[in-house]
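Please look over the sequence and the model below before reading on.

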Amino acid sequence: MARVGAGFGWPVAVALLNAGCGSGASDPTPLDPLRVVGLDPAPRAVAAAADGAITIRFDRPLRRDTVDLDRTLHVFARWSGTVRGPLVLSADGRTLTLTPERPLGAGEMVTVMLSHDVGSEDGARLDPAGWSAQFWTRARPAPGTFAEVERLSTRPPAGTPSRAYGGVASDLDHDGAPDLAIVNEDTSDLVVFLNRGPAGFASSPGRRYPLGRRASPSEPADFDRDGNTDIAVANITDGTVSILLGRGDGSFGSAQVVAVGSTPRGIAVLDVDGDADADIATANFGADDVAVLVNDGGRFRVAARIDAGARGEWALAAADMDEDGRLDLVVGAQQDQRIVTLRNTGNVSFVPLGSQAAGGGPWMLVTGDLDGDGHEDVASVNGRSNTAAVLRGDGRGGLGAPAVHSIDPFGLASDLGDLDGDGDLDWVTSSYSGDWRFFENRGGTLVVGRELAPRTASSCALLFDADGDGDLDMALIDEEADEVIVVHNGG
């Protein structure tokens, strides 16, 4: 296991203070929980250096044997996968630094999780809820113009329509290049296209991995903490979630299937019990609730059902909306056309923080700091309302009134990424009866930049660095043509 580096001493004065001798009134007492007082890159940052270290600062010296990269600290990058590398504790024991063994991907979101088992020299531990934060890496400047380089078919050899609808881009075989795992509703399976670097993606997916009926929303994570990227997929008709554990070579084992309730339409990954591993939440439209699945070594069980306080839970995302060091849930309620923030209380339970009109019926939503104020915002596409909206967060869990944008009919997907590399998050919407629309972020104001037309239906977009040149490219999914169109930034 990757434990913190040794070879440094503990100052005698620090040891005496931690033993309670001569401590001043401003010093933390053994009764106070251990606290994280800083992260570099900062939580919610959107332009962190991809080749930089990750540094966590605490309010007192740590017990070095409580910090373990395989047990009490977990860092997962959405496109790069589990982050490994040397872990060093400073001489005063208050600063923990992880230096990734290879640079993170350009323009990707990174999640840092600390367990409640991290302890200090004075015997204190972190809050029972643990601690979590997210940040984004910087993408290099790019023109934000896109040229098609290849089309990948998701259909089986017999040509049966698969209805490709959703998926993830993540490094599944540890070669440093993000691969594509595409989810298919009609064939109820997952297909993988391995990224061959300069040669592009493998033209055929090979083996198909069974899922449930109308498989669709999906999220990557390293659920069993073995260093390989796994995938969780919600099966809408079956009312289940399939968890596929990666083998590290681009393949997956058999899925664990967990019943979550009728019509799961949204899925999110976060730590709900403070043990620094990835749990799962689903928004269940038919059951009118949110199910919380607790992770026990890569095996899952439903541990709680949450009423969001608005009818028709549909869209779902995880972010620290109130900035307390826990990822909360943001729920889009289709029937009431509202977005609700649920505060993570840390004991597998959530309480409502606020509710705001969504500007339509939310179909999919994502979070990120769009206006540079350091707070999480929400970007939602509103399905049959034919609108999309941005709601500004206040850092306390509240959301401002929606800034509504018109999009083509039937908006299905909402995605964020710094497509022009200017240090802020741009926005891409996907409309089934229209186009992929690129909203350029100009100092917090979103302006339509370019529109990309599908063969049949613009269903989803994956924003990631496909060719390894440091800017963001896209994989555009057309669910009726059953194809993934890979486009490179700047041609």
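What follows describes the cavities and then an open sheet.

This is a predicted model, in which local features need pLDDT of at least 70 and side-chain atom pairs count only at pLDDT 80 or more, while totals for chains, interfaces and linings use all residues. Residues are numbered from 1 along each chain as its sequence is written, and side-chain values use heavy atoms, with hydrogens and water left out.

**Cavities**

- The structure holds three cavities of 30 Å³ or more (a cavity is a set of points, on a 1 Å grid over the protein atoms alone, where a 1.4 Å probe fits but cannot get out; its volume is the space filled by probe spheres set on the points, which are joined across faces, edges and corners).
- The largest cavity has a volume of about 960 Å³, and 47 residues line it (lining residues have an atom within 4 Å of a point), with Arg78, Ser218, Glu219, Met364 and Val366 nearest its centre.
- The lining of the largest cavity comprises 31 nonpolar, 10 polar and six charged residues (Ala, Val, Leu, Ile, Met, Phe, Trp, Tyr, Cys and Pro count as nonpolar, Asp, Glu, Lys and Arg as charged, and the others, Gly among them, as polar).
- The second largest cavity holds about 40 Å³ of space, and its lining has three nonpolar, two polar and three charged residues, including Asp70, His74 and Arg225.

**Sheet**

- Four strands form an open sheet in the order S1-S2-S6-S5, with antiparallel pairing (strands are DSSP runs of E, at least two residues, numbered from the N terminus, and two of them pair if DSSP finds at least two bridges between them).
- Strand S1 (36-40) and strand S5 (87-89) are the edge strands, each pairing on one side only.
- S5 and strand S6 (residues 95-98) pair in the antiparallel sense over three bridges, and Leu87 stands opposite Leu98 in S6.

Technical notes
1 Å grid on protein atoms, 1.4 Å probe; cavity = no way out; pocket = protein on both sides within 12 Å on 5 of 7 lines; lining within 4 Å.
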